[in-house]
Amino acid sequence: MAELAAAYAYPEVGPGGPLPWLRANMVSTLDGAAQHDGRSQPISSATDMRIFGTLRALADVVVVGAQTVRQEGYRPARARAEFAEMREAAGQGPAPAIAVVSASLDLDFSLPLFTSPLVPTLILTGASAAPDRVAAAEKAGARVVTAGDGIGVDPARAVRALAVLGHTRLLTEGGPRLLGQLVAAGVLDELCLTVSPMLTAGDAQRIAGGPAVTVPQRFKLLSMLEEDGFLFTRYGRS
């Protein structure tokens, strides 16, 4: 785990102090599917899940879309003994917070993600979110953070809002719609992509969907590992 943590370490802080760095962690089949039967687990592997756990252990906060929370049955991030010393030395809490991006706040606030996290769950939403849903979220113990002037969330404002809260090591696990919005807004700094040696056909989403960028964004390969046919890649801004 220590070797993986070193391989995936966040960049050093900037000259003026910590700067937010947003990385994404996604898995894709050879034919571009990000899911199978609506979930990513069937195209993953044991090593992919170890990297998944390591990336979470390095992060201050995990940013995830509301649809992914509903589909994947998201639970709070857990404290892991093997990373406790590393997180303490970095001034982090026992586990990363989960930040759910939701315009409607159409979420089940009785889920453990809201009722029993080690760190209070954050909800990123717009200033026009329904007051009764905001009240329900706060009653469940979540912290609602305004990151948009209307109903929706502005990705750049969301990154800044999380940084103001002290969360500068950001990780998003999707889903594809959220990742597409982050790419289109130009706020994604790094992509950790597992290429799964599987073919699924069908009409599953790619890792990023939604609005297209005017000019394709060029990223550079930072590292690549391989095991059992799976490729574990890291790409960063050029």
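Q: Is Ile151 buried or exposed, and what is its relative accessibility?
A: Here buried means under 20% relative accessible area, exposed means over 50%, and partly exposed lies in between, using a 1.4 Å probe and protein chains only. Ile151 has 57% relative accessibility, so Ile151 counts as exposed. Before going on, note that this is a predicted model, in which local features need pLDDT of at least 70, side-chain atom pairs count only at pLDDT 80 or more, and totals for chains, interfaces and linings use all residues. Residues are numbered from 1 along each chain as its sequence is written, and side-chain values use heavy atoms, with hydrogens and water left out.

Q: Where is Ile151 found, and which residues does Ile151 touch?
A: Helices (H or I, at least four residues) and strands (E, at least two) are DSSP runs, numbered from the N terminus. Ile151 is in the loop between β5 (143-146) and α7. A contact means heavy atoms within 4.5 Å. Leaving aside residues up to four places away in sequence, Ile151 touches Ala103, Thr125, Gly126 and Ser128. Thr47 is 104 residues from Ile151 along the chain, and their C-alpha atoms are separated by 39 Å.

Q: How many helices and strands does the protein have?
A: There are 8 helices and 9 strands. Along the principal axes, the C-alpha trace spans about 50 × 45 × 35 Å.

Q: What radius of gyration does the protein have, and what would a compact globule have?
A: The radius of gyration is taken over C-alpha atoms, and the globule rule is 2.2 Å times the number of residues to the power 0.38. For 238 residues that rule gives a value near 18 Å, and the protein has 17 Å, which agrees.

Q: How should I read burial and contacts for the whole chain?
A: Buried residues make up 46% of the 238 residues. Among contacts with a separation of 6 or more, 70% are between residues 24 or more positions apart.

Q: How do I check a helix, taking α2 as the case?
A: The expected span of a helix is 1.5 Å times one less than its number of residues. Helix α2 (residues 46-58) has 13 residues and reaches 19 Å from its first C-alpha to its last, close to the 18 Å expected. Its buried residues include Thr47, Asp48, Ile51 and Arg56. Gly53 is also on the buried list of α2, and the C-alpha of Gly53 is 13 Å from that of Ala84, 31 residues apart along the chain. Ala84 itself lies in helix α4 (residues 81-89) and is partly exposed, at 42% relative accessible area.

Q: What covers the buried residues of α8?
A: In α8 (residues 176-184), the buried residues are Pro176, Leu178, Leu179, Gly180 and Leu182. Their cover includes β1 (21-29), β2 (61-65), β3 (97-101), α7 (155-164) and β6 (169-172). After α8 comes Gly186, with a positive phi near 75°.

Q: What should I look for in the backbone angles?
A: Most residues other than glycine have a negative phi, and most peptide bonds are trans. In this model a cis peptide bond joins Gly174 and Gly175, with omega about 10°. Gly175 lies in the loop between β6 and α8.

Q: What is the phi of Ala201, and what is the phi of Asp228?
A: Ala201 has a positive phi near 55°. Ala201 lies in the loop between β7 (190-196) and β8 (219-227) and, at 53% relative accessibility, counts as exposed. Asp228 also has a positive phi near 55°. Asp228 lies in the loop between β8 and β9 (230-237) and is exposed, with a relative accessible area of 67%.

Q: How far apart in space are Ala7 and Ser223?
A: Sequence separation and distance in space are read as two separate values. Ala7 and Ser223 are 216 residues apart in sequence and 8.4 Å apart in space, C-alpha to C-alpha. Ala7 is in helix α1 (residues 2-7) and is partly exposed, at 35%.
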